[in-house]
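Take a look first, and then we can walk through some of its details together.

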Amino acid sequence: MSVTLPCRFCSDLSSHPGAAVSSARLDVWPRQSKPRSISSSRRSGPSSPGSVITFDPDRLTARAAELEEEMGAPGFWDDQQRAAGISTEHSRVTKRLERYRRLAQEYEDAAELAAMDGDMADEISASLGPLRADLARLEEEALFNGEYDAGDAVVTIHAGAGGTDSQDWAEILLRMYLRWAESRGFRTELIEASPGEEAGLKSATFTARGENAYGVFKAERGVHRLVRLSPFDQAHRRHTSFAQVIVSPLLADDSATEIDEADLRIDTYRASGAGGQHVNKTDSAVRITHIPTGIVVQCQNERSQTSNKQTALRILRSRLAEREAEEREAELAKERGAVQEADFGSQIRSYVLHPYQQVKDLRTGHEVGNAHGVLDGDLDGFVHSYLLARAAGKVV
């Protein structure tokens, strides 16, 4: 199973005359004999297990032309919501094409340099490092085929079984995700953080804004397991802790998702975080329970109770939309026979800090020995492996 980028700079630089740069390879995924292509930013998934969506610049160019034609049509802005969606897609497609063309030009420059001076193999190899990373990111984007993948995300972390250790684990996960989001250029905002009795967090919610934020963060939804020597155990014994990560698309304020007020229970309470003269003296924090589904959301980052309520309702709409998407995915998985390893509430990844160090994703088999590096935000390998497996129909 592979992902291909069918373009002229996927070949070996050493194929150019006069170049002795075997170390300066573009290590990309192997080619497929019959690569599939995309027609727009909203693509259907692979029709059979093992097939993978590929990046096709010609199709993207054609799609950009189609969108520009629509944007130039009379009365384009009569339907504001549709116009905004087309404009957003055009911007996204254009950016991807610009990145592709920049990578192609950088490759051509490196190839010409290699052909002129074979003694610069080390310098050329070093210059290809960022090129490989950008290429991998461009190929990764071809795997985002969900309705909300290109948009923003709401991420909620809940401490599970394990008492104080699990609450500390929830806080570690929050730190890991915020660092990872920063490394990918996402803008984050902490919406709510409920501290534990002794340490850590009972729960936390933050938003991640940026291109494909939901597409990458949804690889993290599920239960995460930590094994370590507990810093809260006087005997310093090994403990196992659990925390659940819930990821939802951050919907626009004008989302069509309807919520019946009669289905809601709204509670207010005093914000628990550090604040100024106001935040801890009034019941400005809001907790909303959606009675039919049992989904609970809360917000306490604003000074105004009204603002917190509006934010909480928006997050609730996002959670409900994600719930519907999960149900659709489960039905599709049954039809195509996908392995049900990414179901809601299942354990997706184990982080072992004692007696050895290892982080292993139980859905894809991807594992890393540098556990502390992962906890510092090095998650790209796990996410990419998940996206590949999901595109091949192996996981939900």
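A polar contact is a pair of N or O atoms within 3.5 Å; within protein, one atom must be able to donate a hydrogen and the other to accept it. With that in mind, a side-chain oxygen of aspartate 79 comes to within 3.3 Å of the backbone nitrogen of arginine 82, at the start of α2. Please keep in mind that this is a predicted model.

**Helix α2**
- Helix α2 covers residues 80-116, and its 37 residues should span 54 Å at 1.5 Å a residue.
- The end C-alpha atoms of α2 are 54 Å apart, which agrees with that expectation.

**The nonpolar cores**
- The largest nonpolar core has 42 residues, and those touching the most other members are Ile157, Leu173, Met176, Tyr177, Phe217 and Tyr351.
- At least two residues of this core come from each of β1 (153-159), α4 (164-183), β3, α5, β5, α7 (371-375) and α8 (380-391).
- Helix α4 supplies the largest share of this core, with eight residues.
- A second, separate core holds 15 residues, including Val154, Val286, Ile295 and Val297.
- Beyond its neighbours within four places in sequence, isoleucine 157 is in contact with residues that include Ala170, Leu173, Leu174 and Tyr177. Its contacts also include Lys202, Ser203 and Ala204, as well as Ala243, Gln244 and Val245.

**A three-stranded sheet**
- Strands β6, β7 and β8 form an open sheet in that order, with antiparallel pairing.
- Strands β6 (264-269) and β8 (295-299) are at the edges with a single partner strand each, so one side of each has no neighbour in the sheet.
- On average, neighbouring strands of this sheet are turned by 15 degrees against each other, direction ignored.
- Five bridges join β7 (residues 285-290) to β8, and arginine 287 has glutamine 298 in β8 as its bridge partner.

**Backbone points to check**
- Most residues other than glycine have a negative phi, and most peptide bonds are trans.
- Asparagine 212 has a positive phi, near 65 degrees, and sits in the loop between β3 (201-209) and α5 (213-217). Asparagine 212 counts as buried because its relative accessibility is 7%, and buried means under 20%.
- Histidine 236 also has a positive phi, near 55 degrees, and lies in the loop between β4 (222-229) and β5 (238-249). With a relative accessible area of 46%, histidine 236 is partly exposed.
- The peptide bond from histidine 354 to proline 355 is cis, with omega near 10 degrees. Proline 355 is in the loop between β9 (347-352) and β10 (358-361).

**Two residues and their surroundings**
- Is lysine 218 buried or exposed? Lysine 218 is buried, with a relative accessible area of 3%, and belongs to the loop between α5 and β4.
- Leaving aside neighbours within four places in sequence, lysine 218 is in contact with Asp149, Val247, Glu329, Tyr386 and Arg390.
- Phenylalanine 242, in strand β5, is partly exposed at 27% relative accessible area.
- Which residues does phenylalanine 242 contact, leaving aside its neighbours within four places in sequence? Among them are Ala159, Gly160, Ala161, Ser166 and Trp169, along with Val223, His224, Arg225 and Gln347.
- Phenylalanine 242 and histidine 158 are 84 residues apart along the chain, and their C-alpha atoms are separated by 8.9 Å.

Methods
Residues are numbered from 1 along each chain as its sequence is written. This is a predicted model: local features need pLDDT of at least 70, side-chain atom pairs count only at pLDDT 80 or more; totals for chains, interfaces and linings use all residues. Side-chain values use heavy atoms; hydrogens and water are left out. Helices (H or I, at least four residues) and strands (E, at least two) are DSSP runs, numbered from the N terminus. Buried means under 20% relative accessible area, exposed over 50%, partly exposed in between (1.4 Å probe, protein chains only). A nonpolar core is a set of buried Ala, Val, Leu, Ile, Met, Phe, Trp, Tyr and Cys residues joined through side-chain atoms within 4.5 Å. Contact means heavy atoms within 4.5 Å. Two strands pair if DSSP finds at least two bridges between them. Axes are lines fitted to C-alpha atoms, for helices over the stretch in contact, and angles run from 0 to 180 degrees between N-to-C directions. The expected span of a helix is 1.5 Å times one less than its number of residues.
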